[in-house]
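This report describes the fold of a single chain, moving from individual residues to the packing of its elements. Please read it alongside the sequence and the structure shown here.

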Amino acid sequence: MHPILLDFTVPGVGFHVRLPAYGFFLALAFLSAIQLGHVRAMKKGLDPELMGNFYVVLILSSMLGARATYVALEWQRFADRPWEALLLWKGGLVFYGGLLGGFLGCYAFVRWARMSALAMADLAAPCIALGHAVGRLGCYFNGCCHGVPTSGPFGVAFPYTTGDYQLRHPTQ
């Protein structure tokens, strides 16, 4: 696996560039889902400015829900140092927490904007599926979210997270 896609120092400047695979694919997941959603929204004649605000709410509420769920599930890690719960770059997001947070934030926005919740859910469903698929590529490259050991033909070694080269089901 390749948890870091890029890692180099710019010659002559000394600026260090490090691009984690998970972060890259998470950003790509949001961008691709939002792009698909925007195309679908424009075909339905929705206001582009209103949709832009919707996307901001979507990203913020999804990230908040994903991190809050991780912190709740791993509360022992943060018991002695609770401020570390804010350090997103140290890892720790949970998809279903992000899905729930995004749903709650977007539902509140849709109600506030007096939009049809069912029409927005219909618009969002394929976007969520696309975003989830792209985001799981980040999990694969990061080596997280793997399955149980296997001797089957589709087993993958995830040495960065397991510490060994035992083949496991790639459940991403």
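In this predicted model, Cys145 is partly exposed, with a relative accessible area of 37%, and it is found in the loop between H5 and strand S3 (156–157). The phi of Cys145 lies near 60°, a positive value in a residue other than glycine. Most residues other than glycine have a negative phi. Arg114, which is likewise not a glycine, has a positive phi of about 60°; this residue is found in the loop between H4 and helix H5 (117–142). Arg114 is exposed because its relative accessible area is 76%, and the cut-off for that class is over 50%.

| Residue | Relative accessible area | Class |
|---|---|---|
| Asp7 | 44% | partly exposed |
| Arg114 | 76% | exposed |
| Cys145 | 37% | partly exposed |

**Overall architecture**

The chain has 6 helices and 4 strands, and from the N terminus on its elements follow the order β-β-α-α-α-α-α-β-α-β. Along its principal axes, the C-alpha trace of the chain spans about 55 × 45 × 40 Å. Of the 172 residues in the chain, 31% are buried. Among the contacts in the chain with a separation of 6 or more, 51% are accounted for by residues 24 or more positions apart.

**The hairpin of S1 and S2**

Strand S1 (residues 4–9) pairs with strand S2 (residues 16–20) in the antiparallel sense, over 5 bridges. In this pairing Thr9 stands opposite His16 in S2, and the hairpin has 6 residues between the strands, with Gly12 taking a positive phi near 85°.

Asp7 belongs to strand S1 and counts as partly exposed because its relative accessibility is 44%. When its neighbours within four places in sequence are left aside, Asp7 is in contact with His16, Val17 and Arg18. The C-alpha atoms of Asp7 and Leu19 are separated by 6.5 Å, although these residues are 12 apart along the chain.

Helix H1 (residues 21–43) packs with helix H2 (residues 48–73) at an angle of about 150°, their axes being 11 Å apart. H1 is therefore roughly antiparallel to H2, and H1 passes H2 in a right-handed crossing. On the H1 side of the contact, the residues are Leu26, Phe30, Ile34, Gly37, His38, Ala41 and Met42, and they meet Pro48, Met51, Tyr55, Leu58, Ile59, Ser62 and Met63 in H2. By class, the residues of this contact of H1 with H2 divide into 11 nonpolar, 3 polar and no charged.

The axes of H2 and helix H4 (residues 95–112) come within 6 Å and cross at roughly 145°, and this crossing is right-handed. The contributions of H2 to the contact with H4 include Leu50, Asn53, Phe54, Val57, Leu58, Ser61, Ser62 and Gly65. On the H4 side, the residues that meet H2 are Tyr96, Gly97, Gly98, Gly101, Gly102, Gly105, Cys106, Phe109 and Val110. The contact of H2 with H4 has 10 nonpolar, 10 polar and no charged residues. Leu58 and Ser62 of H2 take part in the contact with H1, and Leu58 and Ser62 are also among the H2 residues that meet H4.

How values were computed:
Residues numbered from 1 in each chain as written. Predicted model: local features only at pLDDT ≥ 70, side-chain atom pairs only at ≥ 80, totals over all residues. Heavy atoms only, no water. Axes fitted to C-alpha atoms, helices over the stretch in contact; angles between N-to-C directions. Helix = DSSP H or I, 4+ residues; strand = E, 2+ residues; numbered from the N terminus. Parallel < 35°, antiparallel > 145°, perpendicular 65-115°, else oblique. Left-handed = near helix turned anticlockwise from the far one by under 90°. Contact = heavy atoms within 4.5 Å. Nonpolar A, V, L, I, M, F, W, Y, C, P; charged D, E, K, R; others polar. Pairing = 2+ DSSP bridges. Buried < 20%, exposed > 50% of the residue type's maximum accessible area, 1.4 Å probe, protein only.
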